[in-house]
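Here is a brisk report on one protein chain. Look at the sequence and the model before reading on.

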Amino acid sequence: VPTTDYPNVGAELHPVYVESGAVQVANGDAMMRVTSIITDSEAGDNGLRLKFQSRDTPDDTAVTRGPFALTSDGYTDVRFTGRQMQLRIESPFDTDWRLGELRAEAVPGGVR
């Protein structure tokens, strides 16, 4: 991408991203503890990163966790707790990438 046409490409001011809706376990009755994300991706060095927003209630202010750079072995360590989570996948610069199935290691963390 020519920086004359897109001057902010190199500055990461406008990353390309995709964002999920809110995800919850047990119809939102239980908190979840997320400890790792397993990814299937092709993005080169630092081509993709993950951010999460977690909430304890739908009206609560979201807490952002990350960005987490994807590791070459497919296991990305994360640590957060919440009743709901929302995932954002970002590419900090213009590059070709592919993202397959994601898996989260999440366990119910109790009812509040």
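The sections below go from the overall fold to individual residues.

## Basis

This is a predicted model, in which local features need pLDDT of at least 70, side-chain atom pairs count only at pLDDT 80 or more, and totals for chains, interfaces and linings use all residues. Residues are numbered from 1 along each chain as its sequence is written, and side-chain values use heavy atoms, with hydrogens and water left out.

## Overall fold

The chain has 0 helices and 10 strands. Its elements run β-β-β-β-β-β-β-β-β-β from the N terminus on. Both kinds of element are DSSP runs, numbered from the N terminus: helices are H or I with at least four residues, strands are E with at least two.

Contact means heavy atoms within 4.5 Å. Among contacts between residues at least 6 apart in sequence, 77% join residues at least 24 apart. Of the 112 residues in the chain, 29% are buried. Buried means under 20% relative accessible area, exposed means over 50%, and partly exposed lies in between (1.4 Å probe, protein chains only).

## Surface

The chain exposes about 7100 Å², and carbon and sulfur atoms supply 47% of that area. Accessible areas come from the Shrake-Rupley method with a 1.4 Å probe; for residues, only the protein chains shown count as cover.

Val16, Val18 and Trp97 make a nonpolar surface patch of about 250 Å². Patches take residues with over 30% relative accessible area and no salt bridge; like charges are joined within 9 Å, nonpolar side chains (Val, Leu, Ile, Met, Phe, Trp, Tyr) within 5 Å. Valine 16 is in strand S1 (residues 16-19). Valine 16 counts as partly exposed because its relative accessibility is 46%.

## Salt bridges

A salt bridge puts a side-chain nitrogen of Lys or Arg within 4 Å of a carboxyl oxygen of Asp or Glu. By this rule there are 7 salt bridges.

Arginine 49 bridges to glutamate 90, with the closest N and O atoms 2.7 Å apart. This pair links distant parts of the chain: arginine 49 is in strand S5 and glutamate 90 in strand S8, 41 residues apart. Arginine 49 counts as buried because its relative accessibility is 18%. Glutamate 90 is buried too, with a relative accessible area of 2%. Glutamate 90 also meets arginine 88 in a salt bridge (2.9 Å, N to O). Salt bridges that share partners join Glu19, Arg49, Lys51, Arg88 and Glu90 into one network.

Another bridge pairs arginine 98 with aspartate 40, the closest N and O atoms being 3.1 Å apart. Here, too, distant parts of the chain are linked: arginine 98 sits in strand S9, aspartate 40 in the loop between S3 and strand S4 (41-42), 58 residues apart. Arginine 98 is partly exposed at 34% relative accessibility, and aspartate 40 is partly exposed at 38%.

## Cavity

The structure holds 1 cavity of 30 Å³ or more. About 30 Å³ of space lies in the largest cavity. Its lining consists of Ala22, Gln53, Ser54, Arg55, Gln84, Met85 and Gln86. Strand S5 (49-55) and strand S8 (84-91) are the elements that give two or more residues to this lining.

On a 1 Å grid over the protein atoms alone, a cavity is a set of points where a 1.4 Å probe fits but cannot get out, and lining residues have an atom within 4 Å of a point. Grid points are joined across faces, edges and corners, and a volume is the space filled by probe spheres set on the points.

Is serine 36 buried or exposed? Serine 36 counts as buried because its relative accessibility is 7%. Serine 36 is in strand S3 (residues 32-38). Leaving aside neighbours within four places in sequence, serine 36 contacts Thr76, Asp77, Val78, Arg103, Ala104 and Glu105.

Glutamate 101 is in the loop between strand S9 (98-99) and strand S10 (103-108). Glutamate 101 counts as exposed, at 54% relative accessibility. With neighbours within four places in sequence left aside, glutamate 101 contacts Ile38, Thr39 and Asp40. The C-alpha atoms of glutamate 101 and serine 41 are separated by 8.3 Å, though the residues are 60 apart along the chain.

## A cis peptide bond

The peptide bond from glycine 66 to proline 67 is cis, with omega near 20°. Proline 67 lies in strand S6 (residues 63-69).

Conventions
1 Å grid on protein atoms, 1.4 Å probe; cavity = no way out; pocket = protein on both sides within 12 Å on 5 of 7 lines; lining within 4 Å.
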